Amino acid sequence: MKPPRRPWLLTATAAAITAAFLLPAYWMAATSLKQPDRILVAHPQWVPAPVTTVNYTAAFADGALARALANSLVISCGVVLLTLLLAVPLSYALARLRMRGSGTMVLALLIAQLLPSIVLAAPLFILEHRVGLDNTYLGLIAADTTLTLPFAVIVLRPLLQGVPVELEEAALVDGCGRPGVLLRVVLPVMVPGLIAVAGLSFLLGWGEFIFGLTLAKRPEVQPVTVVLNSFVGAYGTSWGPLMATATIVSLPVVCLFAVLQRFVVGGLTAGSVRA
Amino acid sequence: MRPGRPGDTGPHAARRRRTGYLFSFPGLAFLALLLAYPLLYNAWISVHDVGLSGLLGGPEPFNGLANYRATAADPAFWHAVRLSAVFTAGSLLFQFTLGFALALLFARPFPLNGLLRSLLLMAWLLPPVVSGTLFKWMLDGDSGAYNALLRSTGMGALSHDWLNDPATALGGVILANVWVGVPFNMLLLLVGLHGIDPELHEAAALDGANAWQRFRRITLPLMRPVSVTVLLLGLIYTFKVFDLVFVMTGGGPVDATDVLSLYVYQVFFTSFRFGRGAAAGLLLLAVPLLAAALYVRRLRREAREGEAA
């Protein structure tokens, strides 16, 4: 397409649309910084003045939020680890080592990432209870990984197919075993894909709600999404602390996305339009 | 000398297969235990009479299609099906058209294009629980930002307790879901737009076609395959939405937003009717699976055409 005549006009239009679109996110942050008596009013202020942190203090007051944040951090990191640990060898096998049924496998994975979580949460609730995995980090990490693993393999497999076979064979001749080849030759080439998968797995684990709601009844392991939801029920109209909590939950997402943007966007589009 | 060298075919191929199975074993075992087995178990529960006692190891007699019959006889189930249909259709309509419009805008080069696009994507990446809480507050009857906007622009008569009125609650939930879905639609449609050869537009412009004609005759027809894929994906993702609705309304007021995923949750996790919940869950699965089959067929065809081209 030829460059438009007035590019800044387009920029202004796009900026106005973006601002209007992101109003809810702005409103969340703005509310969290307002004094409590300036929130529940018919004509709210558009810019918080004076800025206050009392809502944040209130949100952290009883310790539940801090514990939930720690739980979510543990769960998300666990999801990243387990996903990478399982996805790297599996994608490698599916990409390289022409096994029987690997085409069907990829198809099954593609469909697996489209399943409604609630349909999986129901039987997992009974099964995890029977083996004592409910109310544990491991139970939640394993459940969340059913969402990330199919996605990770779909993103990583094409990348692995792009690694030249000659490179690997040269290493094999030099006396590396298959695991050695994977570790020293293949892994470095696929770093961008790994970053995308790690970043997205973390985001998925951080934002996951259904498994947290159904598989973790005890506050000791409940993720922050579940606690935020219970805050909504418990402090119906205390929007200040609620928005402070929502802002805190959003912050890691925003930061991670800002840092890993390039990788994450590539991974997102690859995961949904490629097979 | 090592056996695994390029060139020695026989034992080499066998060895490669062995390594392949070895490498894929942990991942496949995991998927079998945590994905395939639970789904099969779900199907098993759906033809058995399983309740809370089943959780404690009590008897679970086979009851054939009784759970399915009970579900089909439940008016609340059909109500949920209708709500899911409206929710999905409404969300798709708006998030696709708005996403398409934004994609057309962002397909043109202008300063800060990348930055603004990334900012829009934020809405999609926020955890659904956060977006739900956010829109519950935006749509609040007394002090919500939307009502304040209406009041400050002289349309105060329209201000409304959106989520607490059965007539508008579903609309409010759709609004939030459209907000989440627009950036994703834009992103995928943008990929499609970038795939259109700019020379087509230039040639048409030389022949005197105006912008609207070029859009109708070039952009729209060429975007059809991508659009169908995006709509199918949207259908799959929208039909299964749970967290957003759960946080915003919990299915209420009364049952005004009780979409199918929430219905399954209530039967299974609130009433502890595991058999019936599992049956309803399998029915919830039917629509996305059908859409997924179409989606996969399209992907395969695109891949074949891609190779042929």
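## Terms and basis

A polar contact is a pair of N or O atoms within 3.5 Å; within protein, one atom must be able to donate a hydrogen and the other to accept it, and residues adjacent in sequence count only if both atoms are side-chain atoms. This is a predicted model, in which local features need pLDDT of at least 70 and side-chain atom pairs count only at pLDDT 80 or more, while totals for chains, interfaces and linings use all residues. Residues are numbered from 1 along each chain as its sequence is written, chains are lettered from A and ligands numbered from 1 in the order in which they are written, and side-chain values use heavy atoms, with hydrogens and water left out.

## The surroundings of His48(B)

A polar atom of the His48(B) side chain lies 2.7 Å from the backbone oxygen of Trp44(B). His48(B) itself sits in the loop between α1 (9-46) and α2 (52-55) of chain B. Helices (H or I, at least four residues) and strands (E, at least two) are DSSP runs, numbered from the N terminus.

Is His48(B) buried or exposed? Its relative accessibility is 8%, so His48(B) counts as buried. The cut-offs are under 20% relative accessible area for buried and over 50% for exposed, with partly exposed in between (1.4 Å probe, protein chains only). Not counting residues up to four places away in sequence, His48(B) touches Glu60(B), Pro61(B), Phe62(B), Asn63(B), Asn67(B) and Gly275(B). Contact here means heavy atoms within 4.5 Å.

## Salt bridges

How many salt bridges does a search of the whole structure find? Over all chains there are three, a salt bridge being a side-chain nitrogen of Lys or Arg within 4 Å of a carboxyl oxygen of Asp or Glu. Glu60(B), one of the residues that His48(B) touches, forms a salt bridge with Arg130(A), and their closest N and O atoms are 3.0 Å apart. This pair joins two chains, because Glu60(B) is in the loop between α2 and α3 (66-72) of chain B and Arg130(A) is in helix α6 (residues 117-130) of chain A. Arg130(A) has a relative accessibility of 39% and counts as partly exposed.

In chain B, Arg276(B) forms a salt bridge with Asp74(B), with 3.3 Å between the closest N and O atoms. Arg276(B) belongs to helix α13 (residues 274-308) of chain B and Asp74(B) to the loop between α3 and α4 (75-106) of that chain, so the pair ties together parts that are 202 residues apart in sequence. Arg276(B) is buried at a relative accessible area of 17%, and Asp74(B) is buried at 17%. In chain A, the side chains of Glu220(A) and Arg218(A) meet in a salt bridge at 3.4 Å, N to O. Glu220(A) is partly exposed at 39% relative accessibility, and Arg218(A) is partly exposed with a relative accessible area of 40%.

## Where chains A and B meet

Contact between the chains involves 100 residues of chain A and 94 residues of chain B. Together chain A and chain B bury about 9,200 Å², 80% of it on carbon and sulfur atoms. Buried area is the accessible area (1.4 Å probe) that two parts lose on being put together, summed over both. Across this interface the rule finds one salt bridge and six residue pairs in polar contact, both residues at pLDDT 80 or more.

On the side of chain A that touches chain B, helix α13 (residues 239-273) of chain A gives the most, with 14 residues. By class, that side has 75 nonpolar, 18 polar and seven charged residues. Ala, Val, Leu, Ile, Met, Phe, Trp, Tyr, Cys and Pro count as nonpolar, Asp, Glu, Lys and Arg as charged, and the others, Gly among them, as polar.

Among the buried residues of α12(B) are Leu260(B), Tyr263(B), Val267(B) and Phe269(B). Phe272(B), with a positive phi near 55°, follows α12(B).

Ser117(A) is in helix α6 of chain A. Ser117(A) is buried, with a relative accessible area of 15%, and touches Leu147(A), Ile210(A) and Phe211(A), not counting residues up to four places away in sequence.

## Cysteines

A search of the whole structure finds zero disulfides over all chains, a disulfide being a pair of cysteine sulfur atoms within 2.5 Å. Cys77(A) is in no disulfide, and the nearest cysteine sulfur, that of Cys255(A), is 15 Å away. From Cys255(A), the closest cysteine sulfur is in Cys77(A), and 15 Å is too far for a bond. Cys77(A) is partly exposed, with a relative accessible area of 37%, and Cys255(A) is partly exposed at 46%.
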